[in-house]
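Here's a quick briefing to keep beside you while you look at the model.

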Amino acid sequence: FEYVHSGGALLMVTPPVEFDSLLGIQHLDRTITGGYILFDSTSHVVGGLSRVPLQFFGDAQLYQSTRATVAARIAPDKSMADSHPAVGISSYGTGRIGFISYNLGQSIVVTRQGKPPSSNNQEPIDRDNDGVFNIADLYYDSFDYANRAIPQADEQQKLFVNLIFALL
């Protein structure tokens with residue numbers, strides 16, 4: 001805590017509950033697997049990023065904000081009806097601390113490369129059962145093709161860069 005209090009900057013991905021007071025969040029003891037992230041158009045952290053809900057892959061911790069400035073929200077579906085803070089920043093002393101509620105790196109990789117084979121022997125799986133394994137099988141039944149014109153992995157990478165700059 002002293003590092004941030006004395007002017008340091010810290011970014012945490014899926015932070016443990018012990019950091020709730022520092023981050024200005026409260027863990028809800030729930031997670032979701034896969035869903036959507038929506039950037040808050042009023043936040044300077046996400047300026048220039050997409051204004052439509054984008055997919056994320058992997059598990060996300062669910063929080064509520066107690067004092068964090070929320071830059072993006074996360075939900076299990078595009079309606080964003082049951083949304084929770086996904087990305088946020090708080091001040092502590094003279095420092096700043098940010099959080100991301102899901103594994104951003106994993107989400108970017110899966111968005112770019114598709115879901116890896118899930119069998120124990122890691123053999124390719126013909127997910128669409130057409131008798132041929134091809135690259136589309138890595139995305140079958142997991143990729144939201146309505147957003148295919150949006151470079152979703154690039155948008156998440158820009159989010160990461162913007163968050164780092166916002167903490168400096």
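There are four salt bridges in this structure, and keep in mind that the model is predicted.

**Salt bridges across the chain**

- Asp 82 pairs with Arg 30 in a salt bridge whose closest N and O atoms sit 3.8 Å apart.
- That pair ties together distant parts of the chain, with Asp 82 in the loop between strand 4 and strand 5 and Arg 30 in strand 2, 52 residues apart.
- Asp 82 is partly exposed at 41% relative accessibility, and Arg 30 is partly exposed at 41% too.
- Lys 78 and Asp 144 join their side chains in a salt bridge at 2.9 Å, N to O.
- Here too, distant parts of the chain are linked: Lys 78 is in the loop between strand 4 and strand 5, while Asp 144 is in the loop between helix 3 and helix 4, 66 residues apart.
- Lys 78 is partly exposed, at 35% relative accessible area, whereas Asp 144 counts as buried at 12%.

- Helix 4 runs over residues 152–167, and its 16 residues reach 23 Å from first C-alpha to last, close to the expected 22 Å.
- Its buried residues include Gln 152, Ala 153, Leu 159, Leu 163 and Leu 167.
- What do the buried residues of helix 4 pack against? Their partners are strand 1, strand 2, strand 3, strand 5, strand 6 and helix 3.
- Glu 155 and Lys 158 form a salt bridge between their side chains at 3.4 Å, N to O.
- These two are about one helical turn apart because they are three residues apart in helix 4.
- Glu 155 is buried at 6% relative accessibility, but Lys 158 is partly exposed at 42%.

**Ser 83**

- Ser 83 sits in the loop between strand 4 and strand 5, and at 19% relative accessibility it counts as buried.
- Its side chain makes a polar contact with the side chain of Arg 73 at 3.0 Å.
- The Ser 83 side chain also reaches the backbone oxygen of Met 80, at 3.4 Å.
- Leaving out residues up to four places away in sequence, Ser 83 touches Arg 73, Ile 74 and Ala 75.

**Phe 57**

- Phe 57 belongs to strand 3 and is buried, with 8% relative accessible area.
- Beyond residues up to four places away in sequence, Phe 57 touches several residues, among them Asn 103, Gln 106, Val 110 and Ser 142.

Key. Residues numbered from 1 in each chain as written. Predicted model: local features only at pLDDT ≥ 70, side-chain atom pairs only at ≥ 80, totals over all residues. Heavy atoms only, no water. Helix = DSSP H or I, 4+ residues; strand = E, 2+ residues; numbered from the N terminus. Buried < 20%, exposed > 50% of the residue type's maximum accessible area, 1.4 Å probe, protein only. Contact = heavy atoms within 4.5 Å. Polar contact = N/O pair within 3.5 Å; in protein donor to acceptor, adjacent residues only side chain to side chain. Expected span 1.5 Å × (residues − 1).
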